Amino acid sequence: MRLLGGLALLVLVKGRELEPEAEKNGTKSLSTGCPSFDEVPASEDSGGLWPVFVAGRDYHDRGNDVPELACNGKFYDNWDGDRHSAEEGKCTSIGSLIVNAGCRFTIFDKTNFEGAHKSFDGPLLLPNPPPEFDDTCCGGGIMCVESFLWSCKQHFPDCVPSDSWIVITQLDNSQSNWETDFTFEQIKGTSWSHESSESMSVGTSVEASFKESFFGVFESSIGYSASTGYNWGSVDSTTKSDAKSYTIHMAVPPHEKVQIEAAVGICGSNNVYTQLYRVISTKTGDVLWIGNGDA
């Protein structure tokens, strides 16, 4: 908390108390004015499997109505879900405020998230936010709030990636004495869950961060798959794109019936249909061919 008069600072982030010298937060501004929204990270490493979305940033020192002269002093990048309540008689100063797209900053005029409240929805830049609830500090004119919380609409999936072979179709040439050409439909690309699609719809920076993190978690969790042999560290652009159906042509030998299987990644309700497929003889169980299908 920042004491009245700016004498001290103590902020609670994700259950941790961070002093001004902490490396994660309290980064010193270069006093070059307020950054663009693209310069504020959309997400950060949470220390777990998935990152966490950054809800916004607040600056300690006095702001200015001119953005080029605002966003001064140390700043804090706040995560989705962060909250803080000061001790009685104390409050947190906010000289400049940035709220990321899809996120909300809510302040209260009493401690423990009670009393009157006001919310600020992103994307929003307030280079010199006016005091609310008649609370000011540091010589007056700087917003000072007794409790606050951050929240975002966008969320990363709560799942652990896996992959496996799934059956696409069977091609039956067992009654023919001749090699026969067949066609089948193979889905390639990623089919997103409703929740993931909603999160990515917030904005381009959120979508880019979501997809980069999503496939990054596949790489770190699976790597070179022992189940399918697929290399999740080298996912091609087609697989990262939205799922589409492609027609594949294949010649099946005489007196043969084959089963076509595709390597698919799964994380919750998100399905990643890779280009990798294999052809298996239903008579012997042997893998006759394995490789990428040509769109």
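Asp121 forms a salt bridge with Arg104, with the closest N and O atoms 2.5 Å apart. The pair links distant parts of the chain, 17 residues apart: Asp121 sits in strand 11 (residues 117-121) and Arg104 in strand 10 (residues 103-108). A salt bridge here is a side-chain nitrogen of Lys or Arg within 4 Å of a carboxyl oxygen of Asp or Glu. Strands (E, at least two residues) and helices (H or I, at least four) are DSSP runs, numbered from the N terminus.

Asp121 is partly exposed at 42% relative accessibility, and Arg104 is partly exposed at 38%. Buried means under 20% relative accessible area, exposed over 50%, and partly exposed in between (1.4 Å probe, protein chains only).

## About the model

This is a predicted model, where local features need pLDDT of at least 70, side-chain atom pairs count only at pLDDT 80 or more, and totals for chains, interfaces and linings use all residues. Residues are numbered from 1 along each chain as its sequence is written, and side-chain values use heavy atoms, leaving out hydrogens and water.

## A buried pair

The count of salt bridges comes to five. One of them joins the side chains of Arg57 and Asp77 (2.6 Å, N to O). Arg57 lies in strand 5 (residues 52-59) and Asp77 in strand 6 (residues 74-79), so the pair ties together parts 20 residues apart in sequence. Arg57 is buried, at 7% relative accessible area, and Asp77 is buried too, at 6%.

## The whole chain

The protein chain has three helices and 21 strands. Buried residues make up 47% of its 295 residues.
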